[in-house]
Amino acid sequence: QMQLVESGGGLVQPGGSLTLSCSGSGFTMSLYAISWFRQAPGKEREAVSCSSSTDGSSYYAASVKGRFAISRDNAKNTIHLHMNSLKPEDTGVYYCAADFGPYPPDYSNYWADRGLYDTWGQGTQVTVSA
């Protein structure tokens, strides 16, 4: 059974940092594109970042570029989201998701479409507040 489990959420002050982890089971994460999404109360789920499996590229939403970084730990079948300079608007439930493909050559134009993703985690809450 393929499963993703997020961890690392919590309460952090504005300007602070937090690292989220997404651990996979039942499949090898390094073979697939893995992304982070988030959902704030009353809003739609939005794409945050993606780690491509084809060429090692990383993609970011404009709102987090320069502040967030995605990384893989293939030995642990885990992917991380390193979040710095956090803002109150970063508050939400963060989900990781796996896209099992196939991947178009211009995947950078598609990764943010949540309809592409086949498996989702249960989410972890991030609250940025003073």
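Student: What makes S7 and strand S8 (residues 78-83) a pair?
Tutor: Keep in mind that this is a predicted model. Two strands pair if there are at least two bridges between them. S7 and S8 have six bridges, so they count as a pair by that cut-off. They pair in the antiparallel sense, and Phe68 stands opposite Met83 in S8.

Student: Why is strand S7 (68-73) called an edge strand?
Tutor: Look at the order of the open sheet of four strands: S1-S3-S8-S7, with antiparallel pairing. S7 pairs on one side only, and so does strand S1 (3-7), which is the other edge strand. On average, neighbouring strands of this sheet are turned by 20 degrees against each other, ignoring direction.

Student: How do you know that strand S5 (residues 46-51) is largely enclosed?
Tutor: Buried means under 20% relative accessible area. Five of the six residues of S5 are buried, so the rest of the structure largely encloses this strand.

Student: Which strands does S5 pair with?
Tutor: Strand S4 (residues 33-39) pairs with S5 over five antiparallel bridges, and strand S6 (residues 58-60) is joined to S5 by three, also antiparallel. Because the cut-off is at least two bridges, both count as pairs. Cys50 shows up in both: it stands opposite Ser35 and opposite Tyr59 in S6.

Student: What phi does Gly42 take in the hairpin of S4 and S5?
Tutor: Gly42 takes a positive phi near 75 degrees, in a hairpin with six residues between the strands. In the hairpin of S5 and S6, with six residues between the strands, Gly56 takes a positive phi near 80 degrees.

Technical notes
Residues are numbered from 1 along each chain as its sequence is written. This is a predicted model: local features need pLDDT of at least 70, side-chain atom pairs count only at pLDDT 80 or more; totals for chains, interfaces and linings use all residues. Side-chain values use heavy atoms; hydrogens and water are left out. Axes are lines fitted to C-alpha atoms, for helices over the stretch in contact, and angles run from 0 to 180 degrees between N-to-C directions. Buried means under 20% relative accessible area, exposed over 50%, partly exposed in between (1.4 Å probe, protein chains only).
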